[in-house]
Amino acid sequence: MARPVVAIVGRPNVGKSTIFNRLIGDRLAIVEDKPGVTRDRIYGNAEWNGKQFSVIDTGGIEIDGEDMILKSIRIQAELAIEEADVIVFMCDAKAGLTQSDEEVAQILFRSGKPVLLAINKVDNMKRAEDIYEFYSLGFGDPIGISGSHGTGIGDLLDEVVDALPELTEEEYDEDVIKVALIGRPNVGKSSLVNAILGEERVIVSDIAGTTRDAIDTPFEKDGQRYVLIDTAGMRKRGKVYETTEKYSVMRAMRAIERADVVLVLINGEEGIIEQDKHIAGYAYEAGKASLFVVNKWDVVEKDDKTMQHFQNKIRDHFLFMTYAPVVFLSALTKQRLQKLLPVVKHVAEQHSLRIQTHLLNDVVSDAVAINPPPTDKGKRLRINYATQVAVKPPTMVVFVNDPELMHFSYERYLENKIRAAFNFEGTPIRIFTRRKS
Ligand code: GDP
Ligand code: GDP
């Protein structure tokens, strides 16, 4: 499901990140200690009156090498225009209307996107009158809000939700495999896209009637339909896109959200770096099928053990993703490229695999028979039965006498047994424990 996007724009210190944090609310706390999540987010998901949307805090997009505030604000505003369906233009009632506000207004005017004017720091009745001067910006009625007190935010959200385009139902059929390519700059994402699309017997669909460059690229190979998500974003070139790490991470996250299968690209020439782990962490967290693609294999000096060594290194670095297969290839020479799509198809199938309850229970009872749950303070975990409740990713519920007695290590043991029986290669699986006596 593609969510509409709301971007918050305005000069520094007007309260953008304060409002952003209010909008995305408690979602932050849930994800903190997982791999790949930075504390200072610029992107999150929100919901109001049953409508879901994503929010971008453009103030958090640092423009590398830009000392000039004004220039940074301009670039941030342009990014917002590029990404957003609705723009919240924020000013500060305490500071009043400034020259920079007018500069931002000029840029937003040309965007053609719906702009809502929010005047923050309206902390008391007296200041409510200070919002009138902002009429001169030409964006209609200013909405007075206070990030500190939380007042006016509901009114702002009502207007945001009214201005949102209808939530776009996923435009692809169930049997289309949606693929996202992620990886740090220069790892070879756009080269790989071109290589895949240039492969023999790949039929790239013509999308009739689209004037702007297509965001996604659908194609077909060996009777299977695929779509490459956010191809436009990968091909995009230019200063902002390349040097602003947070921005490219945000773009990658949005692509991951919409994908079934995530290709985590690694530079075979340079090996694994910390940033790769962060990027892969998003695919893991989002519960997507994934595989590692070690690119630039043409320039790696190899003997018969090189591949195994590299694979071991990947296993050591990505302990949370041992299920993901590894494909070595070269986007440049197309060496081993034909190995890729069959693996993509395979992990997509594993991602939507559904195991019958009786088969799952056979495996779980065998596992319990071989290695009974340990006792905890004289109490022993009893497992009644297990059942798969969802796919993409496969999600199991284990019913037990007391969920508190299910320890992480025993859950891991069950997961390993389930994987040994049913494989689930390339997909995370989730196990929830529920009480049933
Ligand atoms: P940003 O640079 O636009 O993201 O602004 P911040 O969210 O970092 O806020 C800048 C400063 O304004 C911080 O010290 C906030 O605590 C303060 N601030 C944010 N919202 C309000 C508000 O509604 N009233 C007042 N008085 N201060 C606020
Ligand atoms: P992106 O930033 O991830 O989209 O990376 P690009 O596709 O733009 O590739 C970055 C650079 O790496 C370019 O100079 C490519 O020609 C080069 N490159 C990409 N794939 C390969 C490969 O498999 N082998 C070699 N030797 N170079 C590659």
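In the predicted model, Val 363, Val 364 and Ala 367 of helix 14 are in contact with Tyr 413, Leu 414, Lys 417, Ile 418 and Ala 421 of helix 15, two residues being in contact if their C-beta atoms, placed from the backbone, lie within 7 Å. By class, this contact of helix 14 with helix 15 holds seven nonpolar, no polar and one charged residues; Ala, Val, Leu, Ile, Met, Phe, Trp, Tyr, Cys and Pro count as nonpolar, Asp, Glu, Lys and Arg as charged, and the others, Gly among them, as polar. Helices are DSSP runs (H or I, at least four residues), numbered from the N terminus. Residues are numbered from 1 along each chain as its sequence is written, and chains are lettered from A and ligands numbered from 1 in the order in which they are written. Local features need pLDDT of at least 70, side-chain atom pairs count only at pLDDT 80 or more, and totals for chains, interfaces and linings use all residues.

Helix 14 (residues 357-370) and helix 15 (residues 408-422) pack at an angle of about 130°, with axes 10 Å apart. Helix 14 is therefore oblique to helix 15 (angles under 35 degrees count as roughly parallel, over 145 as roughly antiparallel, 65 to 115 as roughly perpendicular and the rest as oblique).

Helix 10 (residues 245-258) and helix 11 (residues 274-285) pack at about 30°, with axes 9 Å apart. Helix 10 is therefore roughly parallel to helix 11. Ala 252, Met 253 and Ile 256 of helix 10 and Ile 279, Tyr 282 and Ala 283 of helix 11 make the contact; six of these residues are nonpolar, none polar and none charged.

Methods:
Axes fitted to C-alpha atoms, helices over the stretch in contact; angles between N-to-C directions. Helix = DSSP H or I, 4+ residues; strand = E, 2+ residues; numbered from the N terminus.
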